[in-house]
Amino acid sequence: GQSLKLKFGECNLEKIVKNVVEDLSFAYGKRFVIVSDSDVRNCCSPKEMRRVIENLATNAVKYGTPSTPITFTLQQTETQISLAVHNEGDPIALDVQSILFQQFRRTACAENQTGWGLGLFLAKSIVEAHQGTLEVESAEGKGTSFIIRLPKSF
């Protein structure tokens with residue numbers, strides 16, 4: 001019920017992604033691939049953006065096809081930054097996509113996984129606190145991508 005308290009400052013998003021991948025590689029091996037524009041910086045809460053990226057990455061590990069790559073694609077334009085976290089595996093049905101970001105809601109395929117059903121809700125809330133969006137794209141044969149879009153502030 002409390003609002004998030006975010007401390008905004010300069011963020012090197014490329015460095016945050018690299019640090020998350022480095023940490024997760026200890027537990028999950030060399031599954032992670034980073035495709036990034038250089039020097040992607042923005043005004044954000046580094047701690048909270050790391051939390052969002054970790055959540056999306058661990059979900060990709062949990063729900064993606066084992067031993068397939070998980071790709072982080074970080075891009076920027078003059079007005080926007082986007083980060084996509086992509087995994088291969090069974091697609092998320094359209095009717096299920098609508099509940100993914102609701103608190104305490106879990107999909108049928110997530111019932112055997114541990115968790116409270118809060119991760120994507122919190123991730124979306126943090127991204128929205130940065131004036132951004134968090135969306136999902138998932139289709140048969142194309143895998144699943146969670147995409148963060150942030151307005152560029154530097």
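**Sheet and helix packing in the predicted model**

Strand β6 has a covered face, formed by Leu-134, Val-136 and Ser-138, and an uncovered face, formed by Thr-133, Glu-135, Glu-137 and Ala-139. In a regular strand, side chains alternate between the two faces of the sheet. Helices (H or I, at least four residues) and strands (E, at least two) are DSSP runs numbered from the N terminus. The model is predicted, so local features need pLDDT of at least 70 and side-chain atom pairs count only at pLDDT 80 or more, whereas totals for chains, interfaces and linings use all residues. Residues are numbered from 1 along each chain as its sequence is written, and side-chain values use heavy atoms, with hydrogens and water left out.

Strand β6 belongs to an open sheet of 5 strands with mixed pairing, in the order β2-β4-β5-β7-β6. Two strands pair if DSSP finds at least two bridges between them. The edge strands, each pairing on one side only, are β2 (32–36) and β6 (133–139). From one strand to the next, the twist averages 15 degrees. Strands β5 (residues 80–87) and β7 (residues 143–151) are antiparallel and share 8 bridges, and Ser-82 stands opposite Arg-149 in β7. The pairing of β6 with β7 is also antiparallel, over 7 bridges, with Leu-134 opposite Ile-148 in β7. The hairpin of β6 and β7 has 3 residues between the strands, and in this hairpin Gly-141 takes a positive phi near 80 degrees.

Helix α1 (residues 13–28) packs on the sheet and touches β2, β4 (70–76), β5 and β7; contact means heavy atoms within 4.5 Å. The direction of α1 makes about 170 degrees with that of β2. Axes are lines fitted to C-alpha atoms, for helices over the stretch in contact, and angles run from 0 to 180 degrees between N-to-C directions. Helix α4 lies across β6 and β7, running at about 130 degrees to β6.

Two packed helices are described by the angle between their axes and the distance between the axes. For α2 (residues 46–63) and α4 (residues 119–129), the angle is about 145 degrees and the axes are 9 Å apart. The crossing of α2 and α4 is left-handed, a term for a near helix turned anticlockwise from the far one by less than a right angle. In this contact, Glu-48, Met-49, Arg-51, Val-52, Asn-55, Leu-56 and Asn-59 of α2 meet Gly-119, Leu-120, Ala-123, Ile-126 and Val-127 of α4. By class, the contact has 7 nonpolar, 3 polar and 2 charged residues. Ala, Val, Leu, Ile, Met, Phe, Trp, Tyr, Cys and Pro count as nonpolar, Asp, Glu, Lys and Arg as charged, and the others, Gly among them, as polar.

Val-52, in helix α2, counts as buried because its relative accessible area is 1%. Buried means under 20% relative accessible area, exposed over 50%, and partly exposed in between (1.4 Å probe, protein chains only). Leaving aside residues up to four places away in sequence, Val-52 touches Ala-123, Ile-126, Val-127 and Ile-148. The C-alpha atoms of Val-52 and Lys-124 are separated by 8.1 Å, although these residues are 72 residues apart along the chain.

Most residues other than glycine have a negative phi. Ser-67, which is not a glycine, has a positive phi of about 70 degrees. Ser-67 lies in the loop between α2 and β4 and counts as exposed because its relative accessibility is 71%. Gln-131, also not a glycine, has a positive phi of about 65 degrees. Gln-131 is placed in the loop between α4 and β6 and is exposed, with a relative accessible area of 62%.
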